[in-house]
Amino acid sequence: MNAPFALSGIWYAVLLTERWIFLAFAVVCLVVALMALIKCLPKNAQRFDIAFKRTKGFWLGMTGGASALCLIGAYSQLFGGPFGFLFPVIGACMAAVYLADVNPAVSE
């Protein structure tokens with residue numbers, strides 16, 4: 001009779017570990033998005049036009065939105081909610097586009 005109770009304790013530990021892993025993932029995504037936003041702020045707006053990229057305002061909106069999505073995802077992981085994994089993934093992808101493509105082009 002004790003086997004189901006022991007198994008439920010293992011599942012509780014597994015689910016708790018999963019929650020901490022997802023929270024760590026959301027925090028890492030938030031750090032990436034904030035890094036993209038911080039790197040975008042001091043850039044000269046003319047450099048975006050010279051590099052044939054979208055405007056600085058567009059990229060500030062994208063990286064700011066990515067930071068907001070990651071923050072909502074981290075909050076959702078902490079306090080429960082439906083956006084704990086999807087929003088950080090979307091935000092990290094938005095920030096990664098800026099960091100991989102736009103930032104090197106406007107930093108030259």
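Colleague: Is Arg 54 buried or exposed?
Modeller: Arg 54 is exposed, because its relative accessible area is 56%, and exposed means over 50%. Bear in mind that this is a predicted model.

Colleague: Where is Arg 54 found?
Modeller: In the loop between H2 and H3.

Colleague: What is Arg 54 in contact with, leaving aside neighbours within four places in sequence?
Modeller: Phe 48 and Trp 59.

Colleague: How far apart are the C-alpha atoms of Arg 54 and Val 102?
Modeller: They are separated by 8.8 Å. Along the chain, Arg 54 and Val 102 are 48 residues apart.

Colleague: OK, charges next. How many salt bridges does the count come to?
Modeller: One. Lys 53 pairs with Asp 101. Their closest N and O atoms are 3.1 Å apart.

Colleague: Which parts of the chain does that pair link?
Modeller: Distant ones. Lys 53 is in the loop between helix H2 (45–50) and H3. Asp 101 is in helix H4, residues 86–107.

Colleague: Let's zoom out. What does the secondary structure come to?
Modeller: Four helices and zero strands. From the N terminus on, the elements run α-α-α-α.

Colleague: What does the C-alpha trace span along its principal axes?
Modeller: About 70 × 20 × 15 Å. The radius of gyration of the chain is 19 Å. A compact globule of 108 residues would have one near 13 Å.

Colleague: What share of the residues is buried?
Modeller: 29% of the 108 residues in the chain.

Colleague: And how about contacts: what percentage join residues at least 24 apart?
Modeller: 66%, taken among contacts between residues at least 6 apart in sequence.

Colleague: Now the serines. Where does Ser 67 lie?
Modeller: In helix H3. Ser 67 is buried, because its relative accessible area is 8% and buried means under 20%.

Colleague: What does the side chain of Ser 67 reach?
Modeller: The backbone oxygen of Ala 33, at 3.3 Å. Leaving aside neighbours within four places in sequence, Ser 67 is in contact with Leu 30, Ala 33, Leu 34 and Leu 37.

Colleague: Which helix holds Ser 76?
Modeller: Helix H3, residues 56–79.

Colleague: Is Ser 76 buried or exposed?
Modeller: Buried, with a relative accessible area of 8%.

Colleague: Which backbone nitrogen lies 3.4 Å from a polar atom of the Ser 76 side chain?
Modeller: That of Gly 84. Beyond its neighbours within four places in sequence, Ser 76 is in contact with Gly 81, Pro 82, Phe 83 and Gly 84.

Colleague: Last topic, the surface. How much accessible surface does the chain have?
Modeller: About 6900 Å². Carbon and sulfur atoms account for 76% of that.

Colleague: Which residues make the nonpolar surface patch of about 310 Å²?
Modeller: Ile 10, Trp 11 and Val 14.

Colleague: And where is Trp 11 found?
Modeller: In helix H1, which covers residues 2–40.

Definitions and conventions:
Residues are numbered from 1 along each chain as its sequence is written. This is a predicted model: local features need pLDDT of at least 70, side-chain atom pairs count only at pLDDT 80 or more; totals for chains, interfaces and linings use all residues. Side-chain values use heavy atoms; hydrogens and water are left out. Patches are made of residues with over 30% relative accessible area and no salt bridge: like charges are joined within 9 Å, nonpolar side chains (Val, Leu, Ile, Met, Phe, Trp, Tyr) within 5 Å. Accessible areas come from the Shrake-Rupley method with a 1.4 Å probe; for residues, only the protein chains shown count as cover. A salt bridge is a side-chain nitrogen of Lys or Arg within 4 Å of a carboxyl oxygen of Asp or Glu. Helices (H or I, at least four residues) and strands (E, at least two) are DSSP runs, numbered from the N terminus. Buried means under 20% relative accessible area, exposed over 50%, partly exposed in between (1.4 Å probe, protein chains only). A polar contact is a pair of N or O atoms within 3.5 Å; within protein, one must be able to donate a hydrogen and the other to accept it, and residues adjacent in sequence count only if both atoms are side-chain atoms. Contact means heavy atoms within 4.5 Å. The radius of gyration is taken over C-alpha atoms; the globule rule is 2.2 Å times the number of residues to the power 0.38.
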